[in-house]
Amino acid sequence: MYDVIVVGAGPSGLNAALILGRALRRVLLVDSGEPRNARAHAMNGFLSRDGIDPAEFRRIAREDLAKYETVTVRDVAVASVSAGEESASVVLADGTTEQARSVLLTVGRRDRLPEVDGVAELWGQGVYGCPYCHGFEVRGQKLAVLGAETSAAHLAVQLTRYSSDVVLFTDGTPDFDEEAAAALKVCEVEVRTEPVEQVTGADGHLTGVRIGGETIARDAMFVKTPLDAHGELAEALGCELMDDGSVRIDEHGHTSVDLIYAAGEAARLPNWPSPWIHAITSAALGAMVALSIDHDLIVADVRSKFGM
Ligand SMILES: Cc1cc2nc3c(=O)[nH]c(=O)nc-3n(C[C@H](O)[C@H](O)[C@H](O)COP(=O)(O)OP(=O)(O)OC[C@H]3O[C@@H](n4cnc5c(N)ncnc54)[C@H](O)[C@@H]3O)c2cc1C
């Protein structure tokens, strides 16, 4: 039996496995190979790894884990998890079943991209979600924002810190509030309301946005994507979920189901406005919850020694 099965080997699960391996815990880390930033060429803003290829980041993190002989990594999806009183069962997609004293869900989230021709192809390679992750690299360039909601207007205003040439493409009638409309004006963001026909690219780079048969030259686009949770496992377990699909956790990473913990983008405390959606915050939450799990296991061991 493992001490902990960690489901998901992104920054959160990898960091959790590292902390638990260093605590001599028997850990199984399993991953289905669909990290959220799979399409990105660079992972920015991660202390000491700024600008690293995300795949290289994961390779180095796994190399670090190889030092810890109590940690096993397997590339396979988890099909289901069930929690009993003293252990949890994890069924893997290859048909095997593993047992653990606790399970940590670090399954991440997925972006729901707008259905505009060209966006999916250029996602992470010219079309981005987050200025903190990719704004610096495109500073001073011709920027586009796609979206008709107030959040898109706010994003466009934010991007004027990076470039004086920002165009907001609403792809139809704008739906932003008066304050956002005023902010766009003050910040000199051009607003184009024509239907967007295509986001164009060449050699893996964004080149423009086509509206009304005309291509407006652009170097990068930002779009606020709704984030869907990989919530199937947590939901089937009966874990309490928040409105945005996040697994509800307490300060120690406990979910509402005994023996089941959650961390990373998949989880949040109820008083957080939203999940933290950066690699380093996911890694940090993974580490924090790993420390809590180890603490809970120590308490359980001591109690059982005293027959409590
Ligand atoms: C295009 C793009 C660019 C980005 N750029 C940056 C950046 O520059 N800097 C930055 O800080 N952040 C960036 N991010 C955000 C960053 O990718 C996330 O914050 C980070 O990956 C979240 O880590 P996580 O461990 O919570 O989830 P993830 O990294 O998504 O990892 C979750 C893992 O769980 C696995 N999984 C899910 N379900 C199962 C299952 N049933 N069984 C087994 N495994 C499962 C998935 O395959 C995945 O590998 C970017 C995101 C995108 C989309």
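A residue counts as near a molecule or strand if one of its heavy atoms lies within 4 Å of it. With that in mind, welcome to this predicted model, in which local features need pLDDT of at least 70, side-chain atom pairs count only at pLDDT 80 or more, and totals for chains, interfaces and linings use all residues. Residues are numbered from 1 along each chain as its sequence is written, and side-chain values use heavy atoms, with hydrogens and water left out.

Let us start with the ligand. Around it are 36 residues, of which Asp 31, Glu 34, Asn 44, Val 78 and Glu 265 come nearest. The shell holds 17 nonpolar, 14 polar and 5 charged residues; here Ala, Val, Leu, Ile, Met, Phe, Trp, Tyr, Cys and Pro are nonpolar, Asp, Glu, Lys and Arg are charged, and the others, Gly among them, are polar.

Domain 1 (2-111 + 226-305) and domain 2 (119-223) each give the shell at least three residues, with bounds from an automatic or database domain assignment.

The table lists polar contacts, meaning pairs of N or O atoms within 3.5 Å.

| Residue and its atom | Distance to a ligand oxygen atom |
|---|---|
| Pro 11, backbone N or O | 3.3 Å |
| Ser 32, side-chain N or O | 2.8 Å |
| Arg 36, polar backbone atom | 3.0 Å |

The protein covers 96% of the 1,000 Å² of accessible area (Shrake-Rupley method, 1.4 Å probe) that the ligand has on its own.

Now for a sheet. Five strands (DSSP runs of E, at least two residues) form an open, parallel sheet in the order β8-β15-β9-β10-β11. Its edge strands, β8 (127-128) and β11 (190-192), each pair on one side only; pairing takes at least two DSSP bridges.

Key: Polar contact = N/O pair within 3.5 Å; in protein donor to acceptor, adjacent residues only side chain to side chain. Helix = DSSP H or I, 4+ residues; strand = E, 2+ residues; numbered from the N terminus.
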